[in-house]
Amino acid sequence: MLIKFTVSNLLSFSEMITFSLEAGKILKHKNHINKVCGRHVLRGCSLFGANAAGKSNLLKALALVERMMINN
């Protein structure tokens with residue numbers, strides 16, 4: 001399970017950016033949260049933002065990591 005993903009110097013991510021699925025401090029909707037290794041993790045997420053914000057590049061970066069893990 002992917003909990004946190006940090007990327008830098010790839011596509012539109014010149015600076016280090018971290019994408020996290022950890023739940024915030026306010027656990028308002030507890031049925032949307034799983035507890036994994038002592039961490040509160042969201043069951044799912046949505047990716048949204050303005051045009052040219054890097055949404056597709058995030059998916060490309062995740063696909064690149066997946067290919068690297070499979071072909072390693």
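# Salt bridges around Glu22 in a predicted model

User: What makes the contact between lysine 4 and glutamate 22 a salt bridge?

Analyst: The side chains of lysine 4 and glutamate 22 meet at 3.4 Å, N to O, and a salt bridge is defined as a side-chain nitrogen of Lys or Arg within 4 Å of a carboxyl oxygen of Asp or Glu, so the pair qualifies. This is a predicted model, in which local features need pLDDT of at least 70 and side-chain atom pairs count only at pLDDT 80 or more, whereas totals for chains, interfaces and linings use all residues. Residues are numbered from 1 along each chain as its sequence is written, and side-chain values use heavy atoms, with hydrogens and water left out.

User: Where in the chain do lysine 4 and glutamate 22 lie?

Analyst: Lysine 4 is in strand β1 (residues 4–7) and glutamate 22 in the loop between β2 (17–20) and β3 (33–36), so the pair links distant parts of the chain, 18 residues apart. Strands (E, at least two residues) and helices (H or I, at least four) are DSSP runs numbered from the N terminus.

User: What makes arginine 39 and glutamate 22 a salt bridge?

Analyst: Their side chains meet at 3.8 Å, N to O, and this pair too is a salt bridge. Arginine 39 lies in strand β4 (residues 39–42) and glutamate 22 in the loop between β2 and β3, so the pair ties together parts that are 17 residues apart in sequence. The structure holds 2 salt bridges, and Lys4, Glu22 and Arg39 are linked in a network of them.

User: Why is lysine 4 called partly exposed?

Analyst: Buried means under 20% relative accessible area and exposed over 50%, with partly exposed in between (1.4 Å probe, protein chains only); lysine 4 has 44% relative accessibility and therefore counts as partly exposed. Glutamate 22, at 28%, counts as partly exposed, as does arginine 39, at 38%.

User: How do you know how the radius of gyration of the chain stands against that of a compact globule?

Analyst: The radius of gyration is taken over C-alpha atoms, and the globule rule is 2.2 Å times the number of residues to the power 0.38. A compact globule of 72 residues would have a value near 11 Å, but the chain has 14 Å. Along its principal axes the C-alpha trace spans about 35 × 35 × 20 Å, and buried residues make up 15% of the 72 residues.
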